[in-house]
Amino acid sequence: MGLDGNYKPNRLERFLLLARASETSPVVVLTKADLCHEGEARIAQVRRLCGDATAVLHGDARDPQLRDALRPWCGEGQTLVLLGSSGVGKSTLCNTLLGESAQATGAVSAEGDRGRHTTTARRLLCLPDGACIIDTPGLRELRLSGDEKLGDGAFEDIVQWAEHCRYRDCGHGDEPGCAVRGQVKDERLENYHKLQRELAHAQQTALQKRAAKQADKSLHRELKRYYRDRDRS
Ligand SMILES: Nc1nc2c(ncn2[C@@H]2O[C@H](COP(=O)(O)OP(=O)(O)O)[C@@H](O)[C@H]2O)c(=O)[nH]1
Ligand SMILES: [Mg+2]
Ligand SMILES: [Zn+2]
């Protein structure tokens, strides 16, 4: 994620959930540190959000220092996949890790638009220290598959606080004795609820979705009949 205009903690929470559910170890790389004045505060926010188990690195994607910082993940037998919005510097980071310009970046060259090469497909590259890296085109959307666990990604703190709520099934809405509400920022709690709804939907089987849709339809028919009869009388 970029520390510039791309910065959005909600998106990161979603990415972390997906990474954990796929049993990969996420490493957060915050790029464009050179372009952001609020860098320090944002980095601290991301660290809090990720917890101690997830490495958070930051810097200029073109800077070899970032390659040194990523060295523990770049050895023989390791495979890396770059995930992030378009333009955050994935291909740039790839080049930095390669130490040569093997993957085109989005910089517009002197030839104008014809010189513009951005990533349109996934590419598997080999890094000097032996790891493989997959550069991907930016993701416009990331939908949960249903296998994710909310407590297993970016929301461990919420799950822990929830144990102190008065009610076991507390929804952390306006229930009395909720231990989560006072501890977690509103925006984060909202995103948690949003992802929770999305997850519940993704976990429905195709059959359940169809049944829910049928129930909606028949309710709709009932209503129509009701209004028609009422208007007649
Ligand atoms: N200033 C600055 N520019 C960056 C950084 N990372 C990437 N860029 C620039 O951002 C543009 C998009 O980078 P690119 O690697 O193609 O992004 P991708 O779509 O994620 O692969 C290019 O012009 C890069 O030179 C960074 O950390 N700092
Ligand atoms: Mg790219
Ligand atoms: Zn609660």
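Reader: Which residues does Asn-6 touch, not counting residues up to four places away in sequence?

Author: This is a predicted model. In it, Asn-6 touches Met-1, Arg-11, Ser-85 and Val-88, with residues up to four places away in sequence left out.

Reader: Where is the place of Asn-6 relative to helix 1?

Author: Asn-6 sits in the segment before helix 1, which spans 9-21.

Reader: Is Asn-6 buried or exposed?

Author: A residue counts as buried when its relative accessible area is under 20%. Asn-6 has 15% relative accessibility, so Asn-6 counts as buried.

Reader: What joins the side chains of Asn-6 and Ser-85?

Author: A polar contact is a pair of N or O atoms within 3.5 Å. The one between the side chains of Asn-6 and Ser-85 is 3.0 Å.

Reader: Now the ligand. How many residues surround ligand 1?

Author: Ligand 1 is surrounded by 18 residues, and the closest are Asp-34, Ala-61, Gly-87, Lys-90 and Thr-92. Sorted by class, the shell holds 9 polar, 5 charged and 4 nonpolar residues.

Reader: Which polar backbone atoms have an oxygen atom of ligand 1 at 2.7 Å, at 2.8 Å and at 2.9 Å?

Author: The backbone of Ala-61 supplies a polar atom 2.7 Å from a ligand 1 oxygen. For a polar backbone atom of Lys-90 the distance to an oxygen of ligand 1 is 2.8 Å, and for one of Lys-32 it is 2.9 Å.

Reader: How much of what ligand 1 exposes when taken alone does the protein bury?

Author: Taken alone, ligand 1 exposes 580 Å², and the protein buries 84% of that.

Conventions: Residues are numbered from 1 along each chain as its sequence is written. Chains are lettered from A and ligands numbered from 1 in the order in which they are written. This is a predicted model: local features need pLDDT of at least 70, side-chain atom pairs count only at pLDDT 80 or more; totals for chains, interfaces and linings use all residues. Side-chain values use heavy atoms; hydrogens and water are left out. A residue is near a molecule or strand if one of its heavy atoms lies within 4 Å of it. A polar contact is a pair of N or O atoms within 3.5 Å; within protein, one must be able to donate a hydrogen and the other to accept it, and residues adjacent in sequence count only if both atoms are side-chain atoms. Accessible areas come from the Shrake-Rupley method with a 1.4 Å probe; for residues, only the protein chains shown count as cover. Ala, Val, Leu, Ile, Met, Phe, Trp, Tyr, Cys and Pro count as nonpolar, Asp, Glu, Lys and Arg as charged, and the others, Gly among them, as polar. Helices (H or I, at least four residues) and strands (E, at least two) are DSSP runs, numbered from the N terminus. Buried means under 20% relative accessible area, exposed over 50%, partly exposed in between (1.4 Å probe, protein chains only). Contact means heavy atoms within 4.5 Å.
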